[in-house]
Amino acid sequence: MALAFDEYGRPFIIIKKQEQKTRLRGLDAQKANISAGKAVARILRTSLGPKGMDKIVQSPDGDITITNDGATILEQMDVDNQIAKLMVELSRSQDYEIGDGTTGVVVMAGALLEQAERLLERGIHPIRIAEGYEMASRIAFEHLERISQRFDFGADNIEPLVQTCMTTLSSKIVNRCKRDLAEIAVRAVLAVADLERKDVNLDMIKVEGKVGGKLEDTELIYGITVDKDMSHPQMPKRIEDAKIAILTCPFEPPKPKTKHKVDIDTVEKFETLRDQERKYFDDMVQKCKDVGATLVICQWGFDDEANHLLMHRNLPAVRWVGGVELELIAIATGGRIVPRFQELTTEKLGKAGLVREKSFGTTKDRMLYIEHCANSRAVTIFIRGGNKMVIEETKRSLHDALCVVRNLIRNNSIVYGGGSVEISCSIAVEVGADKYPGVEQYAIRAFADALDAIPMALAENSGLQPIETLSAVKSQQIKESNPHCGIDCNDVGTNDMLEQNVFETLIGKQQQILLATQVVKMILKIDDVISPSEY
Amino acid sequence: MAINRIFKDEASEEKGERARMASFVGAMAIADLVKTTLGPKGMDKILQSTGRGREVTVTNDGATILKSLHIDNPAAKVLVDISKVQDDEVGDGTTSVVVLAGELLREAEKLVAAKIHPMTIISGYRMAAECARDALLVKVMDNKLDAEKFKSDLMKIAMTTLSSKILSQDKEHFAQLAVDAVMRLKGSTNLESIQIIKKPGGSLKDSFLDEGFILDKKIGIGQPKRIENAKILVANTAMDTDKVKIYGARVRVDSMSKVAEIEGAEKEKMREKVQKIIGHGINCFVNRQLIYNFPEELFADAGILAIEHADFDGIERLALVTGGDIASTFDNPESVKLGHCKIIEEIMIGEDKLIHFSGVAMGQACTIVLRGASHHVLDEAERSLHDALCVLSQTVNDSRVLLGGGWPEMVMAKEVDELARKTPGKKSHAIEAFSRALIAIPTTIADNAGLDSADLIAKLRAEHHKEGCTAGIDVISGTVGDMAERGICEAFKVKQAVLLSATEAAEMILRVDEIITCAPRRREDRM
């Protein structure tokens, strides 16, 4: 490492503990970064597409996740390299923003980095490459807009939406019953969607899973499920037209938060306290009863005595309901969450048509279904499956599907999948490149090559000859000027994605290109990596 | 420094063939481990715990074996998981599901070696599983409407399930026990209300089903040992010093006399509570929590039988059988429902005294008392009986029944073979492999019984080419026999669950092409 010396020959300390840090500069730094980014992309490359493979990720505690979802793989992978972390961030932000295409974005970024490496070797300055990429991404972005199509659906015509969901689900393990799951996802989103404002609050869709049964038993419940049972075994298991009191105060003796001391020094005091305590329980239950509640849902526990009193007064109750569930119940039933018994009034009660307890399998598992709620804008997707990993994976897949439907409701433009858009963009970028004089032209061409990486990976994963297939499709697109030609992954016989009904959302694709370009630009601009050495 | 490490130290990554190999090997190792326990002549395993005492379990139950293993291989974990789920969901078939999944993977390995893409294998397996299920659906028998036949079906299923367990010597006895117990549930699947009490001593044959309820507790000293026409109050309340629960309250006194006063008040409070309880007009009081000496004495004085520390399940079941409420406050005796039973008495089983409630109002719960030579025998007997009870309770709800003894596998294999012949493309190899994996189950059963499996399976297959065949392997006589005649039955639900979860698990493992292992979390070394 270069050291600076002052006039007496003593070294200047520029970085603290300089000797103990490793430092990479210039081209070396860029190359190292690029190779790290590529390594991450390489891991995900085989997961792309309907025939993509899964990965097993074993967590530090020995638990296993089997998944195909790019964001999940990267998140669980526990990477150490800084650049690899950037790639993880990249897929995460795609996940937050769009929810789907998390694998694609990383593969894309990897391809861009690979191309950049070649340009660097030719001596092109990284900033020029970055600028070229920026221009190219703009061309691709606009081209996407041009080839996108409006796409009509309504509350009664959900078929197109189901088709899109099926595209998303077909790359996951659940593709055995993708039709059912796609319908569930679409119904769920439409139930909570505000079509006027084009807004969907995905928090209103709860995805619950329970091991056992089979995937086909997965159902959509227009209501809420709570993984709890009645606090007392003899309470009724089925309540119709329930009026629900939603409480965040425990059925327990009061525990004032301010510091206090109650000293018992006489017999009288002892007795008054005792009486008060009894009265307190009585009052609590009576209060609930008075406002007309027929079901109490409480965030906290019950004292044995209170529990009995509730049972005694024929007031079914559920205890230890989590905060999030409580909120959902409140929203769904139109009730208010009441923090004190004194504030309980009839208006604050939630209403539900039916509350029932359902038991599963041979173990004692029971769940509470709250259905026909006053406000139907809260739904639950209840997943069943052979084992824990299938359920977890189904949850992730459904989340992707839900996001896709939401994106379509926000913006109903679609593009065709199966790599067709990437090929079409690549052609457009290639053509556009010639208009730019200067070194950037090379970078733009490289961008076009990088775009080919996705259809190439798709073809490879589907067991097709990647180069042959890609060039055939590309020439077909140009010849027929049909941007819908893609890779025929499922061996259907046609490569027109319009006929195969393989769509993706426009914003998803645009986002992929923009995010990938941004991250690559960022990586290219780094020319110095200083990291604490391990010794 | 050109190549960077992406992962942390100690993390590893396995790719492609190697990853697939690791998962195949792991899964097959697990399957082979439990393979020898399959079937009526399957062998048991001894499990020794690593904990203190080195406790030993002897078992034949797949789920129990797998649950106790510490496994590091990810694919093996998937198999352990499916067996656990099978146990939770249907209770039986925990070994079969693992063996089938293992066989599916073994076949898949050969196909992968023959350069067939895993995705193609998966789609073939899927078609085959669908076809196999349809084949079973066609052949299924349902005797729900005919109560007499249904009961005999249940009996057969129980016998079939038990025949592979330690109880096989007395399977008729135990099958009868299990069927009686399940019929009492009247369609509910809540096995909690069947209590199993294990008492070492005697032989397995001495086990019995008690129509009433047996509580493994002693009666307080000086209290009546036998009560007729008992009125029972089931309670969950503190009967020790009843604390003031208001937070922060504490006793703070400055002289001895005051202590005595307060103590007196406490006693008075307890006495009041006891009086209230007695005021319910009861002659038996069962509490979930401890009853201290003082209240116990009061109860004894009033001639009331007080039973303390009955655990949660105990009181819940008691409430269920006697039809009483579980009470925690005692201010309004008129509205608390009391439980009733004809006789409460102390009985002796072996050397232990137990409390027996007979002539209960509602017969929804019952108790099975297991006797046996040692704890290990009893534990295994309990597990076997639990399996039988689970299967029966599931069958009560879904009354479809199949024949056993490898018959369903042969039926499925035949249909799947047909399908393979009709299917063009590489998939047909996978479908054929599926049928081979199915046949592996009867093969294993025959092998475990020391029979000539190749010969038997060939005979069986020939038999199955006739229409309406009911042939299966009769392990006892070592020949191919008519399963319908021998009364060997299995529940459809179990078979279906085995088929579907095994396929699902195999599919999951096949799809993997990379294993990433994170660095193990560092534990603080306390040594």
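## Exposure and the model

A residue is called buried when its relative accessible area is under 20%, exposed when that area is over 50%, and partly exposed in between, using a 1.4 Å probe and protein chains only. By this scale Glu261(B) is partly exposed, because its relative accessible area is 44%.

This is a predicted model, in which local features need pLDDT of at least 70 and side-chain atom pairs count only at pLDDT 80 or more, whereas totals for chains, interfaces and linings use all residues. Residues are numbered from 1 along each chain as its sequence is written, chains are lettered from A and ligands numbered from 1 in the order in which they are written, and side-chain values use heavy atoms, with hydrogens and water left out.

## A negative patch across two chains

Glu261(B) lies in helix 8 of chain B, where helices are DSSP runs of H or I with at least four residues, strands are runs of E with at least two, and both are numbered from the N terminus. Together with Glu268(A), Glu271(A) and Glu268(B), Glu261(B) forms a negative surface patch. Helix 8 (256-278) of chain B and helix 8 (267-290) of chain A are the elements that each give two or more residues to this patch.

Such a patch is made of residues with over 30% relative accessible area and no salt bridge, with like charges joined within 9 Å and nonpolar side chains (Val, Leu, Ile, Met, Phe, Trp, Tyr) within 5 Å. A salt bridge is a side-chain nitrogen of Lys or Arg within 4 Å of a carboxyl oxygen of Asp or Glu.

## Aromatic pairs

Over all chains, a search of the whole structure finds three aromatic pairs, a pair being rings of Phe, Tyr or Trp (its six-membered ring) with centres within 6.5 Å, counted as stacked if the planes are under 30 degrees apart, edge-to-face if over 60, and tilted otherwise. One of them joins Tyr133(A) and Phe447(A), whose ring centres are 5.8 Å apart and whose planes stand at 65 degrees, so the pair is edge-to-face. This pair links distant parts of the chain, with Tyr133(A) in helix 5 (residues 126-147) and Phe447(A) in helix 13 (residues 440-451) of chain A, 314 residues apart. Both Tyr133(A) and Phe447(A) are buried.

## Two positive phi angles

Asp241(A), in strand 8 (residues 238-247) of chain A, has a positive phi of about 45 degrees although it is not a glycine. Ser481(A), which is likewise not a glycine, has a positive phi of about 35 degrees.

Methods: Accessible areas come from the Shrake-Rupley method with a 1.4 Å probe; for residues, only the protein chains shown count as cover. Lys and Arg count as positive and Asp and Glu as negative; His and the chain ends are not counted. The place of a charge is taken as NZ of Lys, CZ of Arg, CG of Asp or CD of Glu.
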